[in-house]
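Student: I have a model open and want to learn how to read its features. Where do we start?
Tutor: Take a look at the structure, then ask about one feature at a time.

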Amino acid sequence: MHAATAERVWAAHDLPGLAGLVDRVLQAAERLPGGALELVAPPYEPEGAPPGLLLFNRLAVVRYHRADAHAAAWRAAGLSAAGIVGLPDGPLRTGIEAETNLRASAPYGALTAGERETLYDELLKLV
């Protein structure tokens, strides 16, 4: 179902190219011991899977890298999961979000600046 839907909805896009870029990001993402990414990577990629399915599954798994980055950032700030849930807006939350963004951006360094721009622009066009 995911394969058919991705191919239909995203038919006008360079799915092989995007899937390849996301794969490189995913390969560069740090797998933290006990982290979410470690549990879900590599993504499900059945033999002969069409590029739309590869892109869909890889993007789904990349989300877990960001979740790990967020958890690492709030742990570094001395917070637990319960502590971050009730944390009000302010300098501490802003700092945690900035640290999350920094940690989550690291694997995108595997791409050139032009590739990152292409990935960003083309993913925006998928919606």
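Student: At what angle do H2 and H7 pack, and how far apart are their axes?
Tutor: Two packed helices are described by two values: the angle between their axes and the distance between the axes. This is a predicted model. Here H2 and H7 pack at about 120°, and their axes lie 10 Å apart. Angles of 65 to 115 degrees would count as roughly perpendicular. H2 and H7 are therefore oblique to each other. Their crossing is left-handed.

Student: Which residues make that contact?
Tutor: From H2, Leu18, Leu21, Val22, Arg24 and Val25 take part; from H7, Glu115, Thr118, Leu119 and Glu122. Sorted by class, the contact of H2 with H7 has five nonpolar, one polar and three charged residues.

Student: How does H2 pack on H4?
Tutor: Apply the two values again. H2 covers residues 15-28, and H4 covers residues 51-76. Their angle is about 30°, with the axes 9 Å apart. Angles under 35 degrees count as roughly parallel. So H2 and H4 are roughly parallel to each other. H2 passes H4 in a left-handed crossing.

Student: Which residues of H2 and H4 meet?
Tutor: On the H2 side, they are Leu15, Pro16, Leu18, Ala19, Gly20, Val22, Asp23 and Leu26. On the H4 side, they are Pro51, Gly52, Leu54, Leu55, Arg58, Leu59, Val61 and Val62. The residues of this contact of H2 with H4 divide into twelve nonpolar, two polar and two charged.

Student: What about H1 and H4: how close do their axes come, and at what angle do they cross?
Tutor: H1 spans residues 2-9. The axes of H1 and H4 come within 8 Å and cross at roughly 105°. That makes H1 and H4 roughly perpendicular to each other. His2, Ala3, Ala6 and Glu7 in H1 meet Pro51, Gly52, Leu53 and Phe56 in H4. By class, the contact of H1 with H4 holds five nonpolar, two polar and one charged.

Student: Now pockets. What is the volume of the largest pocket, and which residues line it?
Tutor: The largest pocket has a volume of about 210 Å³. Its lining consists of Val22, Val25, Leu59, Val62, Tyr108, Arg116, Leu119, Tyr120, Leu123 and Leu124. H2, H4 and H7 (113-125) are the elements that give two or more residues to this lining.

Student: Which element gives the most to the lining, and how do the lining residues divide by class?
Tutor: H7 gives the most, with five residues. The lining of the largest pocket has nine nonpolar, no polar and one charged residues. Now link the features. Val22 and Val25 of H2 and Leu119 of H7 are in the H2 and H7 contact, and these three residues also line the largest pocket.

Student: Where is the cis peptide bond?
Tutor: Most peptide bonds are trans. In this model, a cis peptide bond joins Ala41 and Pro42, with omega about 0°. Pro42 sits in the loop between H3 (36-40) and H4.

Student: Last, the whole fold. How many helices and strands are there?
Tutor: The protein has seven helices and zero strands. From the N terminus on, the order is α-α-α-α-α-α-α. Along the principal axes, the C-alpha atoms fill a box of roughly 45 × 30 × 25 Å.

Technical notes:
Residues numbered from 1 in each chain as written. Predicted model: local features only at pLDDT ≥ 70, side-chain atom pairs only at ≥ 80, totals over all residues. Heavy atoms only, no water. Axes fitted to C-alpha atoms, helices over the stretch in contact; angles between N-to-C directions. Helix = DSSP H or I, 4+ residues; strand = E, 2+ residues; numbered from the N terminus. Parallel < 35°, antiparallel > 145°, perpendicular 65-115°, else oblique. Left-handed = near helix turned anticlockwise from the far one by under 90°. Contact = heavy atoms within 4.5 Å. Nonpolar A, V, L, I, M, F, W, Y, C, P; charged D, E, K, R; others polar. 1 Å grid on protein atoms, 1.4 Å probe; cavity = no way out; pocket = protein on both sides within 12 Å on 5 of 7 lines; lining within 4 Å. Points joined across faces, edges and corners; volume = space filled by probe spheres on them.
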